[in-house]
Amino acid sequence: YEQQYEQAVADLYAYHARAMAEAAAGAASTPGGQLPQDQVVARASFFDRRQQQLAQAAARIQAAWRGRKARRHVREIRSEAYRQRANDAAAHIQSVWRGHKVRTSPAIAAAKRQRAAQLEAQRMLAEQARRAAQEQEARQQEAAAVKIQAA
């Protein structure tokens with residue numbers, strides 16, 4: 001189709017060059033170097049018709065090329081590989097969305113807050129137990145020192 005289009009364009013240019021040469025030769029052969037009015041109108045209408053024919057031919061070639069491209073595109077869309085890529089993409093989008101929904105859901109946020117409160121409570125209990133053990137150790141050492149001094 002590309003070659004047909006290029007050929008049509010080349011034919012148009014060649015035809016235009018021939019027509020211009022014929023018009024110049026015809027004008028030179030008449031007395032006074034001008035064509036009679038009826039011949040000028042006839043040639044103009046001939047050139048207009050030819051121009052329309054060439055435009056229509058170019059439009060048909062372009063339409064054929066676009067149709068071929070569209071059919072190729074439809075064939076690609078209908079292919080199994082295209083469907084597989086589309087399904088994979090859809091699955092990926094769905095998984096990303098579901099992950100986002102889970103990470104931002106109120107239930108998950110409440111569970112995270114509850115777990116953080118539990119960990120803080122455990123940390124505080126462990127700290128209290130450590131301090132109580134330190135205080136008891138200090139009391140025992142002081143009692144032992146008093147016992148040693150009293151003896």
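Q: Why is Glu127 called partly exposed?
A: Glu127 has a relative accessible area of 23%. Buried means under 20% relative accessible area, exposed over 50%, and partly exposed in between (1.4 Å probe, protein chains only). Glu127 therefore counts as partly exposed, because 23% falls in between.

Q: What kind of model is this, and how are residues numbered?
A: This is a predicted model, in which local features need pLDDT of at least 70 and side-chain atom pairs count only at pLDDT 80 or more, while totals for chains, interfaces and linings use all residues. Residues are numbered from 1 along each chain as its sequence is written, and side-chain values use heavy atoms, with hydrogens and water left out.

Q: Where do Glu127 and Arg131 sit relative to one another?
A: Glu127 and Arg131 are 4 residues apart in helix 4, so about one helical turn separates them. Arg131 is partly exposed, at 49% relative accessibility. Glu127 and Arg131 are also linked with Arg130 in a network of salt bridges.

Q: How do you know that Arg123 and Glu120 form a salt bridge?
A: Their closest N and O atoms are 2.6 Å apart, which is within the limit, so the name applies. Being 3 residues apart in helix 4 (residues 106-150), Arg123 and Glu120 are separated by about one helical turn. Arg123, at 46% relative accessibility, is partly exposed, and so is Glu120, at 35%.

Q: What makes Arg85 and Glu76 a salt bridge?
A: The closest N and O atoms of Arg85 and Glu76 are 3.1 Å apart, so this pair also meets the definition. Arg85 is partly exposed at 47% relative accessibility, and Glu76 is partly exposed at 37%.

Q: How many salt bridges does the structure hold?
A: The structure holds 4 salt bridges.

Q: Which secondary structure does the chain have?
A: The chain has 4 helices and 0 strands, in the pattern α-α-α-α along the sequence. Helices (H or I, at least four residues) and strands (E, at least two) are DSSP runs, numbered from the N terminus.

Q: What share of the chain is buried?
A: Buried residues make up 7% of the 151 residues.

Conventions. Salt bridge = Lys/Arg side-chain N within 4 Å of Asp/Glu carboxyl O.
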